Structures are given as C-alpha cells and as structure tokens.
Amino acid sequence: MTDLIELTDCGLYCAPGDFYIDPWRPVPRALITHGHADHARAGHAHYWAARVGLPILYKRLGQRIEVTGVDYGEPLWFGDVRVSFHPAGHVLGSAQIRVEHAGEVWVASGDYKRDADPTCAPFEVVPCDTFITEATFGLPVYRWPDTRDVAADIRAWWQANAAAGRASVLFCYSLGKAQRLLAELAALADVPETAIAYLHGALVPLTRIYREAGIPMLATEPVSAQDKRHDFAGDLIMAPPSAAGSRWMRRFPRHETGFASGWMRIRGNRRRRGYDRGFVLSDHVDWPGLISTIEQTGARRVLATHGRTDVLVAYLRQRGLDASPLATEYADSPDDEARADTAEDASADQSTD
Ligand SMILES: [Zn+2]
Ligand SMILES: [Zn+2]
C-alpha cells in the first residue's frame, strides 16, 4: 500500500487528493501550515491556509497570490480526501494539517510548540495513525524554562541596562518571536503602560498585522521614526538577528545585545555568536513536549522532519514505534533557520530602515 502522503521533489504530496503541503517548488495546489519562509514559498498556483494567518501570507508573498482562507476545524474536500486545519501554537495562523482518506488519518504538524503563547491559538492534539512531526529541537538537552520567567529576565536586563545608561538591543526572529516577546512583556506587572519598544524596520509590518489581529502587545515605534539626536539610552530595541554587527547598530552608541531563541539553551551558541545575553525562548516544541505530543496523538507511525531527527527516531523505535526521518527542505539547523530569516530581513533592511 502506498503512503497517503509521500515525499516528492516538490514536497509532501497527497496523491489521492492531488495537493501538496508546504511544497518547496511551484505546484498547482499548496496547503500551507504557516508563514515562515521555509514553509510558505512563492510561485504556487493556489494556496490554502488558516484564515487568521492570511495577512502574513499576503505580506510575505504579495497581494496577488490566489489563496483560500480556512477556519480551524473546517472540513475541506479534495476528491474523496477530507482535509482540516488545526492550531499548531507556533505563530499567528499556524496550523497542523489533518488528512483523512479511506479510514486512515495523517497529520502534518508543520512547526509547533506546547508552551503558552498569548499571540496564537494553542496547539490542539489531533489523533492520527501517522504523525509527521518537526524535530527542530530533537535532543533531550532542549527543555524550555517557563516563558514568564524568561520575560521577567528580559525585563530585569532592560532595567539594569537603563540604570547604566545603555540601550538594550534584543535580537529575535521577525515573525512570531518578536510579537510574542512584545505580548509577554506587556503582561508583566512592572512594565508601565507607557513603555515603548523601538523596532527595526523588518519587524514593523508583521507587528502591525498582529496588532490588527487584536493581540495586546507593548506599544512600539520604528527606530527610523526617531529624531537623530535620540540616543536610545535606557530604551528597549528589537531587531532581527541579521542586524547584529550591521551599520544600523550605530544608532545605539552605548548598548548591550541579547538574543531570544531556543538555540540559547546551549551556552556555546551565545558566545560563538557574540551576544551579551542569551534568553531561552522558542516557538518550537522542546524534547519533553515532542515525546508527550507524539504519545498523545496515538500515532503508530512517526515521520520526523527538521533538524535532529536521528536521536528522536532512534528513541521512538526503542519504544516500539514505526519511526523514520523524512528528508524535507525545511530549515534544519540553527544557521539555516537564521539564514532563512536573514534573507528576508536583509531586503526589509534596505527598503524600510
Ligand atoms: Zn516556523
Ligand atoms: Zn519550519
């Protein structure tokens, strides 16, 4: 029996429904899990995506794409294949895609996390026979601290820098992480309502989309809109990782840098990349979340994409599951993920800041 979803040169393909999930080459029908660059690529004839994430797709792929917005849980039919989108808890509008055919159920997770995130709908466990899971952080060392504690650490760092007359430049991915940080900081009791975060141009349009979606976040202003004499002493500035070491940083004569990412769980990463501070905050599932999620889906078969699939696959096989890696072209290392983000941010840099 052939697989309901198979790996082809263009991406994950469902033959009975004749559609692709997050394809990396142009196809007629593309079901998109979320707006990150490695999942939502340009050039497809028609897109399907969760309705709340549509503004992100338009922003990234242009207003001219042909796209059908889908509500979470709403059934779609491709021939006799039933498809539905379910929250993945990764970024605004992120979805797992459930595919059912002839009594068999597959779920493609896209990227997901189990931690609370005020900026998107929480991950929904979707029972299935085969679960295609991401494994970006598929090593036991990756365990996330409580997000509230991380936000409080960032606030304390910002305050200490302010007391010393320095700016706090916090690097974070432009889609999802930046807005989650703004929401978490706004929820802290000791952050005054008048507090402002200054944004690099690459973060401005995406943050506006989140604000228009009604997500409460810290007030923001573009760095570029500030008077030339404003030296940002004591201010919080947020920027994509690509801005680190760039000419743009000259706006902040005295500053410390921080990076908010799951990769900061490994101390060497912070030192190697030259950040003053690392804050462990990821929009991907950590190791315990990965294992418990796989268990909760009840899947007997697991296909792992992204990153460290080898350790996860070995672990699952030991536990009696039918597990294999799936060689997709999604970002699969810290540097790849940064690079995917950087390519877009670099162009945003030139146009807006
Ligand atoms: Zn993603
Ligand atoms: Zn991804």
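Start with the strands: E11 and E18 run parallel and are joined by 5 bridges. Here two strands pair if DSSP finds at least two bridges between them, and the labels come from DSSP runs numbered from the N terminus, with helices (H or I) of at least four residues and strands (E) of at least two.

Before you click further, some housekeeping: this is a predicted model, where local features need pLDDT of at least 70 and side-chain atom pairs count only at pLDDT 80 or more, while totals for chains, interfaces and linings use all residues. Residues are numbered from 1 along each chain as its sequence is written, chains are lettered from A and ligands numbered from 1 in the order in which they are written, and side-chain values use heavy atoms, with hydrogens and water left out.

**Stop 1: strand E11**

Select residues 130-134, which make up E11. Color Thr 130 and look across to E18, where Arg 301 stands opposite.

Is E11 covered or open? Mostly covered, with 5 of its 5 residues buried (buried means under 20% relative accessible area, exposed over 50%, partly exposed in between, using a 1.4 Å probe and protein chains only). Show the side chains: Thr 130, Ile 132 and Glu 134 sit on one side, Phe 131 and Thr 133 on the other, and all are buried. In a regular strand, side chains alternate between the two faces of the sheet.

**Stop 2: the zinc ion, ligand 2**

Now select ligand 2. Which protein atoms are its donors? They are His 39 (NE2), Asp 111 (OD), Asp 111 (OD) again and His 306 (NE2), at 2.1 to 2.7 Å. Donors are N, O and S atoms within 2.8 Å of the metal (3.2 Å for Na, K and Ca), and since water is not among the atoms, sites may look incomplete.

The 4 donor atoms subtend angles of 51 to 123°, so the arrangement around ligand 2 is irregular. For reference, four donors count as tetrahedral if all angles lie between 85 and 135 degrees; four count as square planar and six as octahedral if opposite donors are over 155 degrees apart and all others between 65 and 115; anything else is irregular. His 39 lies in the loop between E4 (29-31) and E5 (46-50), and His 306 in the loop between E18 (301-305) and helix H7 (309-318), so the pair ties together parts 267 residues apart in sequence.

Zoom in on His 39, buried at a relative accessible area of 1%. Its side chain makes a polar contact with that of His 306 at 3.3 Å (a pair of N or O atoms within 3.5 Å; within protein, one must be able to donate a hydrogen and the other to accept it, and residues adjacent in sequence count only if both atoms are side-chain atoms). His 306 is buried too, at 5%.

**Stop 3: across to ligand 1**

Follow Asp 111, which bridges the two zinc ions, 3.7 Å apart. Ligand 1 is coordinated by His 34 (NE2), His 36 (ND1), His 90 (NE2) and Asp 111 (OD), at 2.2 Å. Finish on His 90, which counts as buried at 0% relative accessibility.
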